[in-house]
Amino acid sequence: PAERARLLEGRSVACYLSDHGEEAIAARQAALDIWRTLGDPLKEGENLRWLSRLSWYDGRGDEAEAAATAALEVLEPLAPGPELAMAYSNLSQLRMLGDDLEGTLLWGYRAIALAEEFEETETLVHALANVGSMRLISGDDRGEEELTRSLQLALDRGYLDHAGRALANLAFTTMLDMRLDEADRRLDTAIAFAIEHDLDFRRGYLLATRAALRARQGSWD
């Protein structure tokens with residue numbers, strides 16, 4: 001059963017990256033059910049956190065919030081570790097997506113503190129992208145340093161999904177700041193990266209962002 005659960009987790013990630021959201025959620029839910037049967041709370045919490053992330057990308061905001069809360073309820077009574085750090089960062093991302101500066105920074109810096117304690121670079125990359133993006137959206141230029149650091153760490157460690165997210169957020173926040181020529185260049189870079197690394201769901205989001213940019217530029221055709 002444990003091996004089957006790990007295979008389902010891998011399938012879920014592959015479906016997520018290739019823009020098959022419902023299949024990603026189904027595989028992750030099946031893995032979660034197995035880990036619950038086996039009585040492994042760390043894996044239960046990790047898979048709840050993943051379900052939160054996948055649900056948001058599939059347009060299921062209420063389910064994303066519920067899974068995020070459930071992940072913390074499972075993980076916080078246990079000894080702190082990488083799983084809890086990423087659960088904090090996931091909640092920070094949800095707060096960022098809801099334009100909640102205070103919540104983004106609260107959960108983001110909790111995640112960063114744990115990530116640094118456990119030398120968990122992937123969580124550090126994710127949390128830096130959350131807080132950096134939210135700072136930029138709120139008009140705080142210090143966010144660009146955090147978001148750029150997230151990108152560089154992701155590239156150095158080969159975290160392609162996280163690198164694609166940082167590139168997308170740099171382009172999006174630059175567009176919001178009405179630096180449109182710079183945003184155009186950054187979008188070109190982000191789209192090329194998504195295509196090169198088969199990040200299909202990211203490419204669709206970036207093309208939609210470019211449409212928003214064209215509207216701001218007055219490039220109606």
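How far apart should the ends of H7 be at 1.5 Å a residue, and what is the spacing of its end C-alpha atoms? The 17 residues of H7 should span 24 Å, and the end C-alpha atoms are 24 Å apart, which agrees. The expected span of a helix is 1.5 Å times one less than its number of residues. Helices here are DSSP runs (H or I, at least four residues), numbered from the N terminus.

The structure is a predicted model, in which local features need pLDDT of at least 70 and side-chain atom pairs count only at pLDDT 80 or more, while totals for chains, interfaces and linings use all residues. Residues are numbered from 1 along each chain as its sequence is written, and side-chain values use heavy atoms, with hydrogens and water left out.

H7 is mostly covered, with 15 of its 17 residues buried. Buried means under 20% relative accessible area, exposed means over 50%, and partly exposed lies in between (1.4 Å probe, protein chains only). Just after H7, glycine 139 takes a positive phi of about 90°.

H3 also has 17 residues, which should span 24 Å at 1.5 Å a residue; its end C-alpha atoms are 25 Å apart, which agrees. H3 is mostly covered, as 12 of its 17 residues are buried. Among the buried residues of H3 are the charged side chains Lys43, Glu44, Arg49 and Arg53, and the buried set also includes Trp50, Leu48, Leu51 and Leu54. The cover over these buried residues includes helix H1 (2–17), helix H2 (21–38), H4, helix H5 (82–97) and helix H9 (160–176).

## Helix packing

Two packed helices are described by the angle between their axes and the distance between the axes. Axes are lines fitted to C-alpha atoms, for helices over the stretch in contact, and angles run from 0 to 180 degrees between N-to-C directions.

| Helix pair | Angle | Axis distance |
|---|---|---|
| H3 and H4 | about 165° | 8 Å |
| H1 and H3 | about 20° | 12 Å |
| H4 and H5 | about 155° | 10 Å |

H3 (residues 41–57) and H4 (residues 61–75) pack at about 165°, which makes H3 roughly antiparallel to H4. Angles under 35 degrees count as roughly parallel, over 145 as roughly antiparallel, 65 to 115 as roughly perpendicular and the rest as oblique. H3 passes H4 in a left-handed crossing; a crossing is left-handed if the near helix is turned anticlockwise from the far one by less than a right angle, and right-handed if clockwise. Contact means heavy atoms within 4.5 Å. On the H3 side the contact includes Leu48, Leu51, Ser52 and Trp56, and on the H4 side Ala64, Ala67, Ala71 and Val74 are among the residues. The contact of H3 with H4 divides into 12 nonpolar, 3 polar and 3 charged residues. Ala, Val, Leu, Ile, Met, Phe, Trp, Tyr, Cys and Pro count as nonpolar, Asp, Glu, Lys and Arg as charged, and the others, Gly among them, as polar.

H1 and H3 pack at about 20°, which makes H1 roughly parallel to H3. H1 passes H3 in a left-handed crossing. Glu9, Ser12, Val13 and Tyr16 of H1 meet Lys43, Asn47, Trp50, Arg53, Leu54 and Tyr57 of H3. By class, this contact has 5 nonpolar, 2 polar and 3 charged residues.

H4 and H5 pack at about 155°, which makes H4 roughly antiparallel to H5. This crossing, too, is left-handed. Ala64, Glu65, Ala68, Leu72 and Leu75 of H4 make the contact with H5 residues that include Leu84, Ala87, Leu91 and Leu94. The contact of H4 with H5 has 9 nonpolar, 1 polar and 3 charged residues.

## Single residues

Leucine 91 is found in H5 and is buried, with a relative accessible area of 5%. Not counting residues up to four places away in sequence, leucine 91 touches Glu65, Ala68, Leu72 and Trp107.

Most residues other than glycine have a negative phi. Glutamate 119 has a positive phi, near 50°. This residue sits in the loop between helix H6 (101–117) and helix H7 (121–137) and is exposed, with a relative accessible area of 70%. Aspartate 198 has a positive phi of about 60°. Aspartate 198 lies in the loop between H10 and helix H11 (200–217) and counts as exposed at 55% relative accessibility.

Note on methods. Helix = DSSP H or I, 4+ residues; strand = E, 2+ residues; numbered from the N terminus.
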